[in-house]
Amino acid sequence: RILVEGLREKQEKNEKYVICLTGDHTTPVVEGDHAYHPVPFAISTIDNTFAALNNQEIPDSAISDEVMVFSETEAYKGALGRFKGLSVMDLAKDFGELAKNPTC
């Protein structure tokens, strides 16, 4: 909450900050070591994240889904599907461009 509020204050009117939340790897208890399983990944604009944290209505966004739990078991249901970790920065940049220009 503190991070989101701070970024929202610094964000200029013509900017749209993007925030990503993910993990670097899974560590299943059964295996007791790092594993190859998918990790959850969430991406949003700061404004939409602020709205969600404050129980406000969130405007329609370019990409949305019905996943409401941030977990490995729910990750596969997300709108982004599965992708390699190497794609994260490109995905974040593309999402940021869509947030700035939602009609493109």
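Colleague: Which residues is Gln11 in contact with, leaving aside its neighbours within four places in sequence?

Modeller: The model is a predicted one. With neighbours within four places in sequence left aside, Gln11 is in contact with Lys16, Tyr17, Ile46 and Asp47.

Colleague: With which side chain does the side chain of Gln11 make a polar contact?

Modeller: Gln11 sits in the loop between helix H1 (2–10) and strand E1 (18–22). From there its side chain makes a polar contact, at 3.1 Å, with the side chain of Asp47.

Colleague: Is Gln11 buried or exposed?

Modeller: The relative accessibility of Gln11 is 13%. Buried means under 20%, so Gln11 counts as buried.

Colleague: Why does Thr45 count as buried?

Modeller: Thr45 lies in strand E2, which spans residues 41–45. Not counting residues up to four places away in sequence, Thr45 touches Tyr17, Val18, Phe95 and Ala99. The cut-off for buried is under 20% relative accessible area. Thr45 counts as buried because its relative accessibility is 9%.

Colleague: In what order do the elements of the protein chain run from the N terminus on?

Modeller: The secondary structure of the chain comes to four helices and two strands. From the N terminus on, the order is α-β-β-α-α-α.

Colleague: Among contacts in the protein chain between residues at least 6 apart in sequence, what percentage join residues at least 24 apart?

Modeller: The chain has 104 residues, of which 20% are buried. Of its contacts between residues at least 6 apart in sequence, the share joining residues at least 24 apart is 52%.

Note on methods
Residues numbered from 1 in each chain as written. Predicted model: local features only at pLDDT ≥ 70, side-chain atom pairs only at ≥ 80, totals over all residues. Heavy atoms only, no water. Buried < 20%, exposed > 50% of the residue type's maximum accessible area, 1.4 Å probe, protein only. Contact = heavy atoms within 4.5 Å. Polar contact = N/O pair within 3.5 Å; in protein donor to acceptor, adjacent residues only side chain to side chain.
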